[in-house]
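Subject: Model for you to look at

Hello,

Here is the structure I promised to send. Please open it alongside this note.

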Amino acid sequence: MTRRIRFNAFDMNCVAHQSPGLWRHPDDQSHRYKELGYWTELAKLLEQGRFDGIFIADVLGTYDVYGGTDIAALRQGAQIPVADPLLLVSAMAAVTEHLGFGITTGTGFEHPFPFARRLSTLDHLTNGRIGWNVVTGYLPSAARNFGADDQLDHDERYNQADEYLEVLYKLWEGSWEDDAVVRDATAGVYVDPAKVHHIGHQGKHFTVPGIHLSEPSPQRTPVIYQAGASTRGVRFAAENAEAIFIAAPSKRLLAQTVSRIRGSLREAGRDPYSARIYALATIITDATDEAAQRKHEEYLSYASIEGGLVFMSGWMGIDLSGYDLDDPIGQVESNAIQSAVAAFQEFDDDGREWTVRDIGRWAGIGGMGPVFVGSGATVADRLQEWVEDTDLDGFNLAYAITPGSFEDVVRHVVPVLTERGAYATDYVPGTLRNALFEAGDRLPDEHRGARYRIGAPGSTALPDEVSRPGAQVATPSA
């Protein structure tokens with residue numbers, strides 16, 4: 001049986017997202033990120049291509065590891081300037097019917113109480129098409145701008161995120177009963193107070209005694225996305241995520257990561273396929289292999305080596321500015337970068353030793369993911385091969401130029417995959433969660449968030465007699 005391939009579009013409310021320097025290409029329109037028209041046109045294009053959704057990344061700091069300053073990031077437009085992703089959703093939802101929206105926000109920079117209302121609002125306005133990419137943060141510059149000397153330690157950031165999710169699950173799943181809104185004009189009652197419950201949360205990081213401010217939205221809890229690759233990050237994903245984004249430059253490493261995630265889902269008491277796994281990739285395609293190769297070479301001529309090194313320094317926490325571009329990578333003292341480059345070299349057949357310049361050139365298009373170049377048929381062959389060999393569900397597609405890269409995928413790749421029976425011919429109606437799993441709008445019973453439902457087995461939702469202000473509350477740990 002031919003395995004289905006799923007696509008997400010990977011974008012950011014900025015200029016140089018994953019391909020620094022390509023903003024200089026005459027066909028690139030990323031400078032229009034400030035215009036609603038750019039986003040509504042892109043949303044309609046992606047829905048025409050039957051993408052699962054658009055996943056919008058975000059950062060709250062600058063890439064200032066390279067050279068110890070943000071000067072190079074600013075010069076290259078490397079994810080700076082960057083604008084808020086949440087404010088784009090309503091406009092895109094208004095011009096589409098099925099496209100999902102995965103929005104990135106960090107757990108370390110906003111209290112969960114107002115954030116819960118913001119996501120519920122978007123879930124209402126999109127008729128249940130909203131997802132949330134949970135990030136704990138990785139840029140020290142962001143932490144400094146919020147008044148801290150640095151971020152919390154890696155694992156402690158996830159411990160805080162665990163409690164952040166606990167608060168949100170209590171608000172989304174355990175505060176309002178489904179039939180709390182009665183709209184009884186005769187009795188003059190809009191909401192039945194007995195069916196709305198204070199959550200009484202008191203934890204290490206957050207105290208939230210009250211009720212959720214929004215009535216239940218179509219999904220209640222938005223679809224949870226996550227992209228952590230560490231051991232702690234994978235465990236967090238296994239307990240919470242329904243869509244998981246990973247990035248690996250080689251098929252071998254990708255297969256290992258997918259296998260680890262599927263196993264972690266099983267260990268968390270969930271079906272190993274209860275989360276869709278998407279891999280970062282960039283597609284450069286055209287009518288023929290030769291035309292696609294020419295396009296790739298043209299794009300490479302615009303790619304910025306400095307911009308690539310700005311990103312690589314930020315992603316790995318290593319200042320690459322102190323090395324000559326032609327220094328062999330063996331002179332860079334870092335296990336992290338050695339392992340990454342070893343993975344990159346799996347695409348090389350000449351056995352040469354990579355230099356710092358090679359790292360920057362590699363990151364110049366597509367970031368940490370592979371770049372597939374060829375006709376629609378050639379690219380489809382590669383995508384199907386990678387899905388079959390790695391157990392992936394699909395790809396989180398970055399762009400070289402926008403919207404041109406997405407237009408090319410819709411024009412050249414989607415029809416080939418569809419003809420082969422490897423791509424959806426139509427959307428599954430309903431919410432984003434139902435479109436992804438065809439199992440309804442709400443969290444499945446085995447998901448961590450389901451335990452916070454009112455009346456669920458082992459529920460931590462509070463009974464009426466202890467849910468009101470002033471009551472003595474003891475909430476079981478999640």
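Below is what I found, from the whole chain down to single residues.

**Ground rules.** This is a predicted model, in which local features need pLDDT of at least 70, side-chain atom pairs count only at pLDDT 80 or more, and totals for chains, interfaces and linings use all residues. Residues are numbered from 1 along each chain as its sequence is written, and side-chain values use heavy atoms, with hydrogens and water left out.

**Confidence.** pLDDT is the predictor's confidence in each residue, from 0 to 100. The protein chain averages 90. At least 70 is reached by 88% of the residues. Residues 470-478 fall below 50. That stretch still has 17 contacts in the model beyond near neighbours in sequence. A contact means heavy atoms within 4.5 Å. Where pLDDT is low, the predicted coordinates should not be read in detail.

**Overall build.** The protein chain has 15 helices and 13 strands. These are DSSP runs, numbered from the N terminus (helices: H or I, at least four residues; strands: E, at least two). Of the 478 residues, 58% are buried. Buried means under 20% relative accessible area, exposed over 50%, and partly exposed in between (1.4 Å probe, protein chains only). Take the contacts with a separation of 6 or more: 76% of them join residues 24 or more positions apart.

**Aromatic pairs.** Rings of Phe, Tyr and Trp (its six-membered ring) pair if their centres lie within 6.5 Å; planes under 30 degrees apart count as stacked, over 60 as edge-to-face and the rest as tilted. That rule gives 21 aromatic pairs. In one of them, phenylalanine 55 and tyrosine 225, the ring centres are 6.1 Å apart and the planes lie at 20°, so the pair is stacked. Phenylalanine 55 sits in strand E2 (residues 53-57) and tyrosine 225 in strand E9 (residues 223-226), so the pair ties together parts 170 residues apart in sequence. Both residues are buried. Ring pairs also link them with Phe10, Phe245 and Tyr278 into a cluster.

**Helix H7.** Among the buried ones are Arg232, Phe236 and Asn240.

**H7 against H8.** The axes of H7 and H8 come within 8 Å and cross at roughly 50°. Axes are lines fitted to C-alpha atoms, for helices over the stretch in contact, and angles run from 0 to 180 degrees between N-to-C directions. H7 and H8 are therefore oblique to each other. Angles under 35 degrees count as roughly parallel, over 145 as roughly antiparallel, 65 to 115 as roughly perpendicular and the rest as oblique. Thr231, Val234 and Ala238 of H7 make the contact with Arg260, Ile261, Ser264 and Leu265 of H8.

**H8 against H13.** Helix H8 (residues 251-267) also meets helix H13 (residues 376-390), with axes within 9 Å and a crossing of roughly 45°. That makes H8 oblique to H13. Lys251, Leu254, Ala255 and Val258 in H8 meet Glu385, Trp386, Asp389 and Thr390 in H13.

**A loop residue.** Leucine 325 lies in the loop between helix H10 (305-316) and helix H11 (335-344). Leucine 325 is partly exposed, at 29% relative accessible area. Its C-alpha atom is 6.7 Å from that of threonine 355, 30 residues away along the chain. Leaving aside neighbours within four places in sequence, leucine 325 contacts Ile305, Leu309, Thr355, Val356 and Arg357.

Best wishes
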